[in-house]
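Trainee: Could we go through this one together? I'd like to know what stands behind each label.

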Amino acid sequence: MHMGQETINMTLEDPHGFAGDLLVCFVEEDALTLDSEILGGVNRALPRIKEIGDFNGKKDQTFIYYPTLISDDQEPIPRAKRVLLVGLGKQDDEINDRRERLRMAGGTIARQAEGVKARDLLVVLPREYSLDAAEIAQCLVEGLLLGNYRFHMYKTTLKEEEKAARMENIALHPGGLVEEAVHKGMIAGKIGSEAVCAARDMANRPGNGWTPHDFAEYAKKISKKSGLKYKVLEKSALQKLGMGGILAVNQGSAQPPKLVIVEYRVSKKLPTVLLVGKGLTFDSGGISAKPPAGMESMKYDMSGGAAVLAAMQAIAGSRISGINVVALIPATENMPGPEALKPGDIITQYGGKTVEIINTDAEGRLIMADALGYGIATYQPEAVIDLATLTGAVIVALGHHYTGLLANNDQLAAQLTEAGVQAGEPLWRLPLGPEYRKLLDSRVADLKNTGDKSAGTITAACYLQEFVGDTPWAHLDIAGTAWDFTEKSYIPKGPSGIGVRTLVGLLNNWQPLNLSAAQQ
Ligand code: BES
Ligand code: MN
Ligand code: ZN
């Protein structure tokens, strides 16, 4: 597993007295002093540092100095081994840029700490930063903990040096901000980041180290820990329910399929939001095999399921109110075993629609369609949001930065877009419509599972739309962003854990949908 051993706490100790590895302070661009008087020792050094010209508080600029090497007998100096100054730039930008700035700063601190092998840190929050105190703490903690993430599970000879290069104890000093708010934000940041790191771990694990069974076990573990309802539909139940999509994709695999269900219930009177995540633990393409180059990366085809499950962990951990949330993860491999699904086969999805299989590599939509249809019929949600690494085409269209968003409801799309931009996980909406849907018409069945070469992300979403009826629905195609999302100080190469914080933010601020106004 990732190191995740770090602790994070709030402290009110005098920063001058902190004798640990690294004392961190923030500096606004061109400011002559820190905004916190509690750091007189650093304040006196600042004009001299600026005079030298190496550091003036530009965003992401850093400067490390060693206060105990400077003799200053007159006044107290910090006892910390090192002081790290982190530039915040000017505060002339948009609120979401300021949130992101703090996450980036947190990630930058993690990198600097790694460079000098600092394990014990005290971070003094920036009092004058124009953002709510709880958000300052939350964004910074996200940056710190997500930036501290490494995956070492399979390294048997990890050098001591590498082990030492992680932050272990992080103390946050409110620096004049309201303590309760800082504490609240810190806890929210910690819960969210731990969930993101859990999702990253799942995606980092290979196909033989993270199977449908592992999804079920993890769901059981978090459910026991935080009082979620948990259920797994095994193969026999899937057969009884007629989930022909999950079963068809599973035919070529030796691993039994699962439909993992986790419920966060606040009250029967409240509406339910349904989350569905693609849990394809390895996608070989099946009989329509993928080319060998890069096929190993198809272990991350379960990132939607990981995001949804991790989001449930965070939702239960932070006890959100005002809404019930149910998560469904259809989990299977897509393999070319002797019983595998073949091109030309006709299958029946949950609910009865028949599908002509053109390409067995378009398997995600088959497992998602069953879960969407079943979830909507069973839980009658107010809205449904699905996350899936569904198409390579979304990488062609949007690259590794924006996640593709397709929805049948403008309000839901708008709420999600706002939650995404707040979390630093931007979404870009693509259209749907009958002109695209007709590319899925089949001569022999109700529909076929692929269109032609064009608009692959849209036709995939059109396929899913067939199974959601009038329920407000949004689909996030995370194929480009779940892996190698734009690299940032707090987002390493590899799995990003995208979607977790967007979902948690969305559900925390959930606005009921106005049905009459919003149907597209
Ligand atoms: N899991 C893939 C999509 C994918 C591609 C995810 C690249 C991450 C990176 C999905 O199951 C798939 O194979 N889709 C096909 C659909 C096609 C056959 C219509 C694709 O995108 O090529
Ligand atoms: Mn595929
Ligand atoms: Zn796939």
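Mentor: Here is a talk through the metals, the ligand and a few single residues.

Mentor: First the ground rules: this is a predicted model, in which local features need pLDDT of at least 70, side-chain atom pairs count only at pLDDT 80 or more, and totals for chains, interfaces and linings use all residues. Residues are numbered from 1 along each chain as its sequence is written, chains are lettered from A and ligands numbered from 1 in the order in which they are written, and side-chain values use heavy atoms, with hydrogens and water left out.

Trainee: Which residues coordinate the manganese ion (ligand 2)?

Mentor: D283 (OD), D361 (O), D361 (OD) and E363 (OE) do, at 2.1 to 2.2 Å. Donors are N, O and S atoms within 2.8 Å of the metal (3.2 Å for Na, K and Ca), and since water is not among the atoms, sites may look incomplete. Along the chain, the manganese donors follow the spacing D-x77-D-x1-E.

Trainee: What does the pair D283 and D361 tie together?

Mentor: D283 lies in strand β10 (residues 279–283) and D361 in the loop between β13 (354–356) and α10 (364–379), so the two link parts that are 78 residues apart in sequence. Helices (H or I, at least four residues) and strands (E, at least two) are DSSP runs, numbered from the N terminus.

Trainee: And what coordinates the zinc ion (ligand 3)?

Mentor: The zinc ion (ligand 3) is held by K278 (NZ), D283 (OD), D301 (OD) and E363 (OE), at 2.0 to 2.4 Å. The spacing of its donors is K-x4-D-x17-D-x61-E. With D283 in strand β10 and E363 in the loop between β13 and α10, that pair ties together parts 80 residues apart in sequence.

Trainee: Then what makes the arrangement around the manganese ion (ligand 2) irregular?

Mentor: Its six donor atoms subtend angles of 70 to 168°, and that set makes the arrangement irregular.

Trainee: How far apart are the manganese ion (ligand 2) and the zinc ion (ligand 3), and which residue coordinates both?

Mentor: They are 3.1 Å apart, and D283 coordinates both.

Trainee: How do you know whether D283 is buried or exposed?

Mentor: Buried means under 20% relative accessible area, exposed over 50%, partly exposed in between (1.4 Å probe, protein chains only). D283 has 3%, so it is buried. E363, at 1%, is buried too.

Trainee: Which residues come nearest to ligand 1?

Mentor: Of the 17 residues around ligand 1, the nearest are K290, D301, D361, E363 and G392. Being near takes a heavy atom within 4 Å.

Trainee: What polar atoms lie by its oxygen atoms?

Mentor: A polar side-chain atom of D283 is 2.9 Å from an oxygen atom of ligand 1, and one of D361 is 2.8 Å from an oxygen atom. A polar backbone atom of G392 is 2.7 Å from an oxygen atom of the ligand. The protein buries 79% of the 510 Å² that ligand 1 exposes when taken alone.

Trainee: What makes R319 stand out?

Mentor: R319 has a positive phi of about 50° although it is not a glycine. Most residues other than glycine have a negative phi. R319 lies in the loop between α9 (303–317) and β11 (324–334), and its 53% relative accessibility makes it exposed.

Trainee: And why is A455 called partly exposed?

Mentor: A455 has 29% relative accessibility, so it falls in the middle class. It sits in the loop between β17 (447–448) and α14 (456–465), also with a positive phi of about 50°.

Trainee: Last one: why is helix α15 (residues 500–508) described as largely enclosed?

Mentor: Seven of its nine residues are buried, so the rest of the structure largely encloses it. Among them are V500, L503 and L507.

Methods
Polar contact = N/O pair within 3.5 Å; in protein donor to acceptor, adjacent residues only side chain to side chain. Areas by Shrake-Rupley, 256 points an atom, 1.4 Å probe, with all protein chains shown as cover. Tetrahedral: all angles 85-135°; square planar, octahedral: opposite > 155°, others 65-115°.
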